[in-house]
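The following paragraphs lead the reader through one structural model. Please keep the sequence and the three-dimensional view at hand while reading.

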Amino acid sequence: MPEVTLSSIKRLSLAVLSKSGVPGGQATIIADSIVWAHSRGKGTHGITRLPIYVRKINDRLMSPETTLTVQKDHPAVTVLDAGHGFGQVAGYIGMERCVEKAARCGIGVAGVRKSNNFGAAGFIAELATKHKMIGLILSNSAPAIAPWGGTKPLLGTNPLGFAFPSGENKPAVIFDMATSFAARGKIRLAAKHNQKIPFGWALDNQGRPTDDPFEALKGSMIPIGEHKGYGLSLAIDILAGLLTGAAFGGDAKPLNHPDAHSDYGHLLAAINISFFMDMDEYTSRMQQLEQNVKMAGKEGSVFLPGEQSWHHAMKNKNTVQLAEKPLEELHALAAGMNINERLEVAGQEQS
């Protein structure tokens, strides 16, 4: 599999987004989220989504400029309408608003409606930790999980992310998950490459276990923890969809839907640690927690959430792997938009 430079991933992302009418600052947020995802081994949330963004903008199903309109505003809570813009921008600015409110009130909460998929939840949640705060993000998404006992997909894989600062010069503790046993993006990727998926990931449209990604995409994802994952997905749909004024209960549409807005909802929060205890005390307690966690198994066998992704990023500061097919599709996209930027494959001379 080709090794592609992260710098060229960012340059091509910026070029495509800018050519599509995305303002410079917002294009940078989206490109940074794409690079963040690839560097941490979450490539399904990365540059391969660019063709979907371009198509949705061209079909007027996504606004190239994300304009956040305040619907309600209180000292600790705000509700924002993203105008069917980019989820990454809505999440980033929404978390900034949370941090501002938490600085005054101890906690800041933002609800976002009329948004789209925001990529990797950890990218948004981590923003709070840069202000010595705890970050939380929830989002609903298009139907992919059937209520436990049913066969019709109604709830999304509804990602959630938590991020906790862990001290100076140390990576944040980041927990980022979907409510399905496996990410739906992995099934789409398997379908793209004509690969089987493991049994236990999904059911077909008759509710039967399947290893065929195409049948899985017609059916439903298996929720993590079975009925518990269903309950968690439902709770996120209420908090991020119903409560924020976004689509809910099966009405949210996939990012790549051919003719409808996604209308995803997000719920974001920042918690100001200093309202609970001195930051030095918090850091000391976090270090004690880390030590206890590490001592629960053999040396080098136990990791904190997000730690392995961070190590992955440290080892992949310059290049990441990208399959041939999406590489070709992205070059075709650039050529069709009269963009000269190309992804750089390590070890190959660029023309």
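A residue is called buried when its relative accessible area is under 20%, exposed when that area is over 50%, and partly exposed in between, as computed with a 1.4 Å probe on protein chains only. The model is a predicted one, in which local features need a pLDDT of at least 70 and side-chain atom pairs count only at pLDDT 80 or more, while totals for chains, interfaces and linings use all residues. Residues are numbered from 1 along each chain as its sequence is written, and side-chain values use heavy atoms, with hydrogens and water left out.

The account begins with the aromatic rings. Rings of Phe, Tyr and Trp (for Trp, the six-membered ring) form a pair if their centres lie within 6.5 Å; planes under 30 degrees apart are stacked, those over 60 degrees are edge-to-face, and the rest are tilted. The structure contains four such aromatic pairs. One of them joins tryptophan 36 and phenylalanine 123 edge-to-face, at 6.3 Å centre to centre and with 65 degrees between the planes. Tryptophan 36 belongs to helix H2 (residues 24-39) and phenylalanine 123 to helix H5 (residues 121-129), so this pair ties together parts that are 87 residues apart in sequence. Here helices (H or I, at least four residues) and strands (E, at least two residues) are DSSP runs, numbered from the N terminus. Tryptophan 36 is buried, at 9% relative accessibility, and phenylalanine 123 is buried as well, at 8%. Another aromatic pair, phenylalanine 162 with phenylalanine 164, is stacked, with 6.3 Å centre to centre and 5 degrees between the planes. Phenylalanine 162 is partly exposed at 28% relative accessibility, and phenylalanine 164 is partly exposed at 26%. Ring pairs also link Trp36, Tyr92 and Phe123 into a cluster.

The nonpolar interior comes next. A nonpolar core is a set of buried Ala, Val, Leu, Ile, Met, Phe, Trp, Tyr and Cys residues joined through side-chain atoms within 4.5 Å. The largest such core has 60 residues, of which Ile9, Ile47, Leu50, Phe86 and Leu343 touch the most other members. Contact means heavy atoms within 4.5 Å. Leaving aside residues up to four places away in sequence, isoleucine 47 touches Ile9, Leu12, Ser13, Ile34, His38, Leu322, Leu330 and Leu343.

Two helices can now be examined in turn. The expected span of a helix is 1.5 Å times one less than its number of residues. For the 14 residues of H1 this gives 20 Å, and the end C-alpha atoms are 20 Å apart, which agrees. Among the buried residues of H1 are Leu6, Ile9, Leu12 and Val16. The buried residues of H1 pack against S1, H2, H3, strand S12 (319-321) and H11. Glycine 21, which follows H1, has a positive phi near 100 degrees.

Helix H11 (residues 324-336) has 13 residues, which should span 18 Å; its end C-alpha atoms are 18 Å apart, in agreement. Its buried residues are Pro326, Leu327, Leu330, Leu333 and Ala334. Viewed down the axis of H11, these fall within an arc of 125 degrees, so they line one face of the helix; the arc is taken from the directions between the helix axis and the C-beta atoms. Exposed Glu328 and Gly336 are carried on the face turned away from the buried side of H11. The buried residues of H11 pack against strand S1 (3-5), helix H1 (6-19) and helix H3 (50-58).

Backbone angles deserve a separate look. Most residues other than glycine have a negative phi. Asparagine 338, which follows H11, has a positive phi near 60 degrees. Asparagine 169 likewise has a positive phi near 60 degrees; it is located in the loop between strand S6 (160-164) and strand S7 (173-177) and is exposed, with a relative accessible area of 82%. Glutamate 226 has a positive phi near 55 degrees. The place of glutamate 226 is in the loop between strand S10 (220-221) and helix H8 (227-242), and glutamate 226 is partly exposed at 45%.

Three strands form an open sheet in the order S9-S8-S10, with antiparallel pairing. Strand S9 (209-210) and S10 are at the edges, each with a single partner strand, so one side of each is left without a neighbour in the sheet. Two strands pair if DSSP finds at least two bridges between them. Strand S8 (residues 202-203) pairs with S10 in the antiparallel sense over two bridges, and serine 220 in S10 is the bridge partner of leucine 203.
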